[in-house]
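I opened this entry to keep track of what I looked up in one model. The sequence and structure come first.

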Amino acid sequence: MKPIAEWKFHYYRLLLCFKSMTKVNKNGFRFDFDSSACQECAALCCRGESGKIWVNHLEIENICKFLSINSIDLVQKYLYKINNRYSIKERLRLDDYECVFLTEGEQKSCSIYPVRPQQCQTFPFWDYYKRSKNQLLQDCPGVRFSCIF
Ligand code: SF4
């Protein structure tokens, strides 16, 4: 690499690192999460393959308050039961499944964001991803595995 090109390369790498001021990390995980990437992301964490989005009773109560809806209606409309647990329903969109609380249209966002379940709040710091780095990189463009020059 030519000296000027090399200098520019390092300069842009540095800029990228400074841009990552919004990044967070968690003990036991070998990556950071840069939440600024969410602005460009098509909500990959809320759609894709079908999966479970678990909600506990306290979370159900909070969602009910947030949506001004009673728990019977919430369960009927948005949840389904598996053994003794509840998961949020999904809808099929083209080849993907997406959470029913994901807004439709161009700008995707969570319609219950302030009361979204713990499972959503802790994404992408899931134990599952400790063993599936490739899947993690596919599922979340905000993942950073450190700035190495
Ligand atoms: S509840 Fe919100 S954050 Fe969680 S999967 Fe659904 S749309 Fe995404």
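My notes follow, grouped by topic.

I am working from a predicted model, in which local features need pLDDT of at least 70, side-chain atom pairs count only at pLDDT 80 or more, and totals for chains, interfaces and linings use all residues. Residues are numbered from 1 along each chain as its sequence is written.

Core. Seven residues form it: Cys46, Val55, Tyr78, Tyr86, Ile88, Cys99 and Phe101.

I checked strands β7 (residues 90-93) and β8 (residues 96-99), which pair in the antiparallel sense over four bridges. Strands here are DSSP runs (E, at least two residues), and pairing takes at least two DSSP bridges. Arg93 has Asp96 in β8 as its bridge partner. Two residues sit between the strands of this hairpin, and Leu94 takes a positive phi near 50°.

Asn62. I found Asn62 in helix α2 (residues 57-67); helices are DSSP runs of H or I, at least four residues. Asn62 counts as partly exposed because it has 17 C-beta neighbours inside 10 Å. Its C-alpha is 9.4 Å from that of Pro114, 52 residues apart in sequence.

Terms used:
Core = buried A, V, L, I, M, F, W, Y, C linked by C-beta atoms within 7 Å. Buried ≥ 20, exposed ≤ 12 C-beta atoms within 10 Å, placed from the backbone.
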